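The following note is intended for a colleague examining the coordinates alongside the sequence. Its points run from the overall fold to individual residues.

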Amino acid sequence: MNETHGKAPSIAALMLAAGQSKRFNGIKQLADVNGKPMLHHTLDNLTSNGTLLEKLTELNVVLGANAADIVSVVPAYATSHIFNHWQKGMGATLAFGVQKVNRESSHLLVTLADQVALTREHIATMLHHCIASPEKIIAARYKGVLGAPVVFPRRYFAQLMALNADAGARKILQQHQYDVLAIDMADAQHDIDTQIDLARWQETLANNSAH
């Protein structure tokens with residue numbers, strides 16, 4: 001099934017940043033990463049020179065816990081949506097975000113605010129594969145599992161909007177594994193849950209830069 005009927009995919013992007021970051025002992029979306037708030041750092045990887053990557057039509061970010069403190073660091077190129085029921089978890093947050101996506105979008109790129117090791121090149125790779133195989137789910141693979149970032153064709157939007165628990169979209173990926181094009185992406189495993197996670201990643205980054 002071709003999602004685009006011969007047209008170029010219209011890819012919306014959605015970043016989830018609604019978590020409480022309870023284990024971080026602070027607001028991790030605002031933690032300093034490369035001289036800017038973590039959320040700004042990860043959002044910037046979906047842009048080039050301040051504009052959205054060529055293949056993206058829009059960029060949405062879902063805020064929840066601490067939204068009043070975080071919303072001011074969301075750049076103008078992204079649209080903020082505040083999910084007041086963020087306590088319901090990632091699945092419910094994702095469902096809320098999908099409802100905010102432009103109805104004309106043929107695909108949705110889902111990313112996470114704390115995957116700090118991902119780069120603009122990683123995102124561009126995901127988009128490239130979406131253009132080449134628009135009927136497929138394009139998912140990152142790391143530690144032997146499928147996960148974010150992931151691009152869903154429109155026919156999966158209804159399932160995404162039906163999520164209502166703490167679990168994200170991994171179950172959908174498992175159910176439709178034969179429709180998934182997996183992209184090996186070891187850097188996607190570096191999500192930040194604690195201050196120690198952040199310190200270790202920054203140390204690794206500094207060591208790599210020194211060599």
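1. Helices (H or I, at least four residues) and strands (E, at least two) are DSSP runs, numbered from the N terminus. The model is a predicted one, in which local features need pLDDT of at least 70 and side-chain atom pairs count only at pLDDT 80 or more, while totals for chains, interfaces and linings use all residues. Residues are numbered from 1 along each chain as its sequence is written, and side-chain values use heavy atoms, with hydrogens and water left out.

2. Overall fold. Seven helices and 11 strands make up the secondary structure of the protein. Its radius of gyration is 16 Å, close to the 17 Å that the globule rule gives for 211 residues, so the protein is as compact as a globular protein of that length. The radius is taken over C-alpha atoms, and the rule is 2.2 Å times the number of residues to the power 0.38. The C-alpha trace spans about 45 × 45 × 35 Å along its principal axes.

3. Of the 211 residues, 49% count as buried; the term means under 20% relative accessible area, with exposed over 50% and partly exposed in between (1.4 Å probe, protein chains only). Contact means heavy atoms within 4.5 Å. Among the contacts with a separation of 6 or more, 71% come from residues 24 or more positions apart.

4. Surface and charge. The accessible surface is about 10400 Å², and carbon and sulfur atoms hold 49% of that area; the areas come from the Shrake-Rupley method with a 1.4 Å probe, and for residues only the protein chains shown count as cover. There are 18 positive and 18 negative charges, whose mean positions are 6 Å apart. Here Lys and Arg count as positive and Asp and Glu as negative, with His and the chain ends not counted. Each charge is placed at NZ of Lys, CZ of Arg, CG of Asp or CD of Glu.

5. Helix H3. Eight of the 10 residues of H3 are buried, so this helix is largely enclosed by the rest of the structure. The buried residues are Gly91, Ala92, Thr93, Leu94, Ala95, Phe96, Gly97 and Val98. Their cover includes strands S1 (11-17), S6 (56-63), S7 (79-82) and S8, together with helix H5 (157-161).

6. Ser106. This residue occupies the loop between helix H3 (90-99) and strand S8 (107-112). Ser106 is buried, at 9% relative accessibility. Its side chain forms a polar contact of 2.8 Å with the side chain of His107. A polar contact is a pair of N or O atoms within 3.5 Å; within protein, one must be able to donate a hydrogen and the other to accept it, and residues adjacent in sequence count only if both atoms are side-chain atoms.

7. Asp114. The loop between S8 and helix H4 (120-132) holds Asp114, which is buried at 11% relative accessibility. A 2.8 Å polar contact links its side chain to that of Lys28. Leaving out residues up to four places away in sequence, Asp114 touches Lys28, Met38, His190, Asp191, Ile192 and Asp193.

8. Ala65 lies in the loop between S6 and H2 and is buried, with a relative accessible area of 3%. Although 47 residues separate Ala65 from Ala18 along the chain, their C-alpha atoms are 5.6 Å apart. Apart from neighbours within four places in sequence, Ala65 contacts Ala18, Gly19, Gln20, Ile70 and Trp86. Asn66 is in the loop between S6 and helix H2 (67-70) and is partly exposed at 30% relative accessibility. Asn66 has a positive phi of about 60 degrees, although it is not a glycine.

9. Further backbone geometry. Asn49, also not a glycine, has a positive phi of about 55 degrees. Asn49 sits in the loop between strand S4 (47-48) and strand S5 (51-52) and is exposed, with 78% relative accessibility. The peptide bond that joins Ala148 and Pro149 is cis, with omega about 0 degrees; Pro149 belongs to strand S10 (residues 145-153).

10. Thr79. Strand S7 contains Thr79, which is partly exposed at 40% relative accessibility. Thr79 touches Leu59, Asn60 and Val61, not counting residues up to four places away in sequence. Ser209 is 130 residues away from Thr79 along the chain, and their C-alpha atoms are separated by 33 Å.
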